[in-house]
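Dear colleague,

I am passing a structure on to you with this email, and I would ask you to open it first and to keep it beside the notes as you read them.

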Amino acid sequence: MVSGSVGTGTALGAVLLSLVAVPAQAASGAPASGRVTSVAAAGPGAPDDAGLRSVLRSALAQGAPGAMVRVDDAGTVHQLSEGVADRATGRAITTADRFRVGSVTKSFSAVVLLQLVDEGKLSLDTPVNTYLPGLLPDDRITVRHVMSHRSGLYDYTNDMFAQTVPGFESVRNKVFSYQDLVRLSLKHALTNAPGAAYSYSNTNFVVAGMLIEKLTGNPVATEYRNRVFGPLGLTDTSYVHPGTAIAGTHANGYLTPDEAGAALVDSTAQTVSWAQSAGAIISSTRDLDTFFSALMAGRLMSAAQLAQMQQWTTVSSTQGYGLGLRRRDLSCGVSVYGHTGTVQGYYTYAFTSKDGKRSVTALANTSNNAAVLTTMAGTLESAFCGKSSKAARGASAPTAVPGERYEDIAPGVARD
């Protein structure tokens, strides 16, 4: 079963009218900054619904059971969906469905840490071992290095998911401590000297979770809830660990095996204990748009810390990484800010404009499918560049830049 829906609406006060039928979202110091452009300054027009729809349908043709996107544009809402949330029942996917956001979790963890900086409980350029004595093998690794993926800590998921489905099944119901995960990383030497190079590693945001819990005395779930979920009214968003279920109406996740032609594996139920503060949050398109809009509008931390969050380390010619935040430079000259997320069965793109006034969250309920991952990036082009985007002019989907790595929690597939 394949279905599609599209709608737009306008917010008037607290009322949102939607036409979509859905159920009741350097070794020390900061690296050099990259180019920053906002939609307000360079955006060429309204989001292109036809372009968004084309991206979603391409993702289905490439193997995703379902795909959806929501754009919140200064009060106007665009919602489109194609395909199914549940292959067993054939229920259509909608933008109201909750899902596992994977590494988008890193942005939530970074917000909490930067709030702790504002409170005087944490310093970005202080060694991690000052707060967590003896945890890391090099006293030069600072909090900033961890948050910007410049620590050199090996990513333990490289070993864990060397084989996609067997790796997943071996951890699906397993419960790890943070220390367990750090120990897995420290079986390997550092990949580079602290601060010397960017190298994406989930270990960094496991350490981030440990810092949050040490400095607050509370579980990360409590800090997420009290500092972000509650204040922003993110009613669809939760941190569930070590439970395996997604509460409420949700999209099932489907993991693609490494063997060509093998059946998709329903990966919905899992502890995500292998990721925790690096990737275990559950949310919705509405809530992620709200979160990133609030972040870039300066509602979650001081202007000084938001500026620190946007000190970019170069990832590629079109991407930078700050402190738990990505910058992507689009074909129309617009830069957008947010994070990508991959956890078994789910690919997420969640980004906003410099001023937070236009936000987009897109999901495909599959993973270990590089074609779908690349295609879904096209939602950013259609949402922020409108009909002037390369995709709208005939390129069916963005292609990987030669030599550019895709990065995230993405078992068995190149990372974004």
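The notes below go through aromatic rings, a helix contact and some backbone details.

Please keep in mind throughout that this is a predicted model, and that the values below were computed from it.

I begin with the aromatic rings, where the count comes to 9 aromatic pairs. One of them joins Tyr 200 and Tyr 321, whose rings are 6.3 Å apart from centre to centre with 85° between the planes, an arrangement that is edge-to-face. Tyr 200 sits in the loop between helix H8 (178-185) and helix H9 (202-216), while Tyr 321 belongs to strand S11 (residues 319-321), and therefore the pair ties together parts of the chain that are 121 residues apart in sequence. Tyr 200 is buried, with a relative accessible area of 4%, and Tyr 321 is buried as well, at 0%.

Another pair is made by Phe 291 and Phe 292, and here the ring centres are 4.8 Å apart with the planes at 65°; because an angle over 60 degrees counts as edge-to-face, this pair is given that name. Phe 291 has a relative accessible area of 0% and is buried, and Phe 292, at 1%, is buried too.

Arg 87 lies over Tyr 254, at 5.6 Å from the ring centre, and Lys 354 lies over Tyr 337, at 5.4 Å from the ring centre.

Next comes the contact of two helices, H8 and H9, which you will recall as the helices on either side of the loop that holds Tyr 200. Their axes come within 10 Å and cross at roughly 145°, and the crossing is left-handed. On the H8 side the contact is made by Tyr 178, Gln 179, Leu 181, Val 182 and Ser 185, and these meet Thr 203, Val 206, Val 207, Gly 209, Met 210 and Glu 213 on the H9 side.

Which residue has its C-alpha atom 8.8 Å from that of Ala 197, although the two are 116 residues apart along the chain? That residue is Thr 313, which is found in strand S10 (residues 313-316) and is buried, with a relative accessible area of 8%.

The peptide bond from His 241 to Pro 242, however, is cis, with omega near 10°, and Pro 242 lies in the loop between strand S6 (238-239) and strand S7 (254-255). His 149 is not a glycine, yet its phi is positive, at about 60°; this residue lies in the loop between helix H5 (143-147) and helix H6 (157-160), where it is buried with a relative accessible area of 0%. Asn 368, which is not a glycine either, has a positive phi of about 55°, is found in the loop between strand S16 (366-367) and helix H13 (370-376), and counts as buried at 10% relative accessibility.

How values were computed
Residues are numbered from 1 along each chain as its sequence is written. This is a predicted model: local features need pLDDT of at least 70, side-chain atom pairs count only at pLDDT 80 or more; totals for chains, interfaces and linings use all residues. Side-chain values use heavy atoms; hydrogens and water are left out. Rings of Phe, Tyr and Trp (its six-membered ring) pair if their centres lie within 6.5 Å; planes under 30 degrees apart count as stacked, over 60 as edge-to-face and the rest as tilted. Helices (H or I, at least four residues) and strands (E, at least two) are DSSP runs, numbered from the N terminus. Buried means under 20% relative accessible area, exposed over 50%, partly exposed in between (1.4 Å probe, protein chains only). A charge sits over a ring if NZ of Lys or CZ of Arg is within 6 Å of the ring centre and within 35 degrees of the ring normal. Axes are lines fitted to C-alpha atoms, for helices over the stretch in contact, and angles run from 0 to 180 degrees between N-to-C directions. A crossing is left-handed if the near helix is turned anticlockwise from the far one by less than a right angle, and right-handed if clockwise. Contact means heavy atoms within 4.5 Å.
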